Amino acid sequence: MDLLTKLGFSELNTRTRRTVVVNPQACTGCRTCETVCSLVKTGKIYPQMARIQVARKPFEGRFTPHACRQCSVPECLRACPSGAIGVSRTTGAVLIDPKKCDGCGNCIKACPYDMMLFDADKQKAFKCDLCAGQPRCVKYCPTHALGLAEFGARRKE
Amino acid sequence: MTAKSGGWSGHILRVNVTDRNWTKIPTKQYAQRFIGGVGLATKVAWDEIPQQVSALDPENKLIFATGPLTGTLVPGSGRLEVIGKSPRTYPREVVTRSGLGGHWGKELKNAGYDALILEGAAEMPTYILITREEVKILDAGNLWGLDTYATQKRLQEMHGLDCQTVCIGPAGENQCRIATIMSETSFASGKSGFGAVMGAKKIKAVVVDGRGGCIDIAHPGKLLKLADHYRHLLGVAPMREWTTGGEPSEHRINFFRKYRTGNASCFGCPLQCWAFINVPGTAPSQSGCVNYYYLEPAVQYYGESIEADRAAWLGNVLCNQYGLDTFELAGIVPLIRDLHQAGLIKIKDPGFPIGEFGSIEFISGLIEALARRRGLGDLLADGGAAAVEKMPGAWSIYEKYYPAHGQLEHNSVRDYPGIALFWALDSRDPLIDHHAYRHLSVTRQGWPTPHKLNIAQADAISEKIFGTKTAIDHGTYAEKARVVALCQNKSAARNSLVLCDFLYPIFISQSRDDRMGDTSAESHFFTAVTGRDMNEDELDKIGERIFNLDRAILVRDGRTRREDTLYEAYFRDTDSIDPAISQSKHHLVLSVDHTKAVPRDIFEEAKTEYYRLRGWDPGTGRPIRKTLVGLELTEVVKEFYPD
């Protein structure tokens, strides 16, 4: 994995930051995003393993998808003692190197949005990797409540 | 090495609340022949609900059945089917079905169960908690009497926000035969009165927490591609004003625009057919087409005003909270007015201001009286049909609007031959299962469907699916028997998968220029999810088997050809229906001439042709031996033809 694991100011300014953005007004709470995410990542319909989660308030008609913000200065990255978390040079996604992750859970505590998740079977952290730049949740969301935003994009070519 | 499989969770949960125990049985024994959903549950009903059991007996069973596609990425896979002997069907209680949307079905599968069979009757109010590890039968003393919203909120406080609940309100507790089973604000299993069955069993709610569970998928890559393909083919346009009814009045459109705060949907559905409506002074609630039934009476009473809007919405929300079927209310409300005007209601204290038709007091009082079985409400809580039977002279008013089975007309029956046959040959309002045929065929009448079809396109689709454009021509009974049988098979198969009737079968595409749909979608999805090869014809065949098993149960319980019919009034011309009633009766007046009689001779001829096509005895309507053998229904052969 080609990851930037130490972020200097110069790198912060030049890297592309992409993130799944959410419009809760448009969300109907159908959970297609969770379903498709878990299917792509695990080959099953496995809501608990979805990297995106919908908070449903059915009695108020409020449905809010929560996705990783792919922070420009990721708290998870700073909290990781094993250098397992870095930023992808190609997609800008904050990624975990599962070979280096020892499952200590510091990143999970550090994430202010609760979007760093824990796989109890493998004893490792996992999170949204933006599907290599083309997130399926965005593609399959039937109401366009999800989108892919790109900030500070500077293409090298 | 075995091939990859998926879809089913693997077990059926059987909970007996008399003995307070539960057991697991494998789904496999049902899946091969009957798939799941309606198929699985009909088989359980054939095996376990004998003729002499009545709906509210402890011996009746209530079966909640999902299918292999429930809770997957397949668009419209949020549903399950509820089956049992229904207290609602009229004149006799029969085994029938009623769908339930929302999120409960997928939660049940995540917990590890394809279906739930409720048996017995508890002594004290009870609720059932199902998790992946265990099943608990718990005391519901402090929930009994609460409305459905309060019940669910209380259960969420106890068992977490992620659990899913089905429950009954006071109407179900008091065994009203028009009581629903509710989930969230507005997902209801409404048309078969199963809320009363839960009430008789003293089961207030079934809470499922399936967190951490999963559903295996045989071919994930294929499913992803298919889901993408068919969603684009469907080209689902978000449903807006249309959700207020087929031909919404201006009031409905204004109301909708004013109070809609967003849309909601069942699990995994692109359709978002539920509008979320928030009228100040009432509880916010999801709503579909029938929920606006009280708007026109209220506007007549108050004029266009906030009071009218509040009255209209209370008419919906209170039904949801007390657990009553809004569809029956849409019929009962104008019926009460007509009976009252004709001086046929003799009860001294009806329990609500019966003369104030259209007011808040009328509707809230009526719903309360129904749910608590007070005054006139006690009579009507058994359904309009059972109530008017006890009022001399009332039947002639009633039967104008109720074609059969004690259920309200749902689309014009008189001048729609196909739809008249659907009604006669079912055990309940059949239209919920035949939206696709209806959407395709009403286009010829110039109905403004959201599908934006023109007649040439509709005819071309009809030719592709049915081989002839006569199939959707409402001027004649020709070809209708064959079309009805085919649609019934497709519907039974779809209800066993379980997919939503509003999306499948895909007769109409909204994205293609020629609007041509694709009826093989269900079989492709089935193969991708379960890993079991299936094509459209094979799936139709399974649908035919399920439909015949359902027929066999009806026949065993006494159904004959004589009962495959409509109420007498439908065979006579009628005077024009008052538009006010028609409006509150939901999208009903679609036709050019809704006053003419169903032609009895031609109707009966079409039935004879139908029995012949089905392989049923045209004299009795009973499936003949050869038919049952061909469909591998050996259990029915053994019972019907023992020699």
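Axes are lines fitted to C-alpha atoms, for helices over the stretch in contact, and angles between them run from 0 to 180 degrees between N-to-C directions. Helices (H or I, at least four residues) and strands (E, at least two) are DSSP runs, numbered from the N terminus. The structure is a predicted model, in which local features need pLDDT of at least 70 and side-chain atom pairs count only at pLDDT 80 or more, while totals for chains, interfaces and linings use all residues. Residues are numbered from 1 along each chain as its sequence is written, and chains are lettered from A and ligands numbered from 1 in the order in which they are written.

In chain B, the axes of helix α7 (residues 220–234) and helix α20 (residues 521–530) come within 9 Å and cross at roughly 160°. The two helices, α7(B) and α20(B), are therefore roughly antiparallel to each other, a class that takes angles over 145 degrees, with those under 35 counted as roughly parallel, 65 to 115 as roughly perpendicular and the rest as oblique. On the side of α7(B), the residues in contact (C-beta atoms, placed from the backbone, within 7 Å) are B:Lys222, B:Leu223, B:Leu226 and B:Tyr230, which meet B:Ala521, B:His524, B:Phe525, B:Ala528 and B:Val529 in α20(B). By class, this contact has seven nonpolar, one polar and one charged residues, where Ala, Val, Leu, Ile, Met, Phe, Trp, Tyr, Cys and Pro count as nonpolar, Asp, Glu, Lys and Arg as charged, and the others, Gly among them, as polar.

Chain B also holds an open sheet of three strands, with the order β14-β15-β16 and antiparallel pairing, two strands being paired if DSSP finds at least two bridges between them. Its edge strands, β14 (260–264) and β16 (285–287) of chain B, each pair on one side only, and neighbouring strands of the sheet are turned by 35° against each other on average, direction ignored. Four bridges join β14(B) to the antiparallel strand β15 (residues 274–277) of chain B, and B:Gly262 stands opposite B:Phe276 in β15(B).

A cis peptide bond, with omega about 5°, joins B:Tyr90 and B:Pro91, and B:Pro91 is placed in the loop between β4 (80–85) and β5 (95–100). In the loop between α15 (395–398) and α16 (417–424) lies B:His405, whose phi is near 60°, a positive value in a residue other than glycine. B:His405 counts as buried because it has 28 C-beta neighbours inside 10 Å, the cut-offs being 20 or more other C-beta atoms within 10 Å for buried, 12 or fewer for exposed, and partly exposed in between, with C-beta atoms placed from the backbone.

Notes. Contact = placed C-beta atoms within 7 Å.
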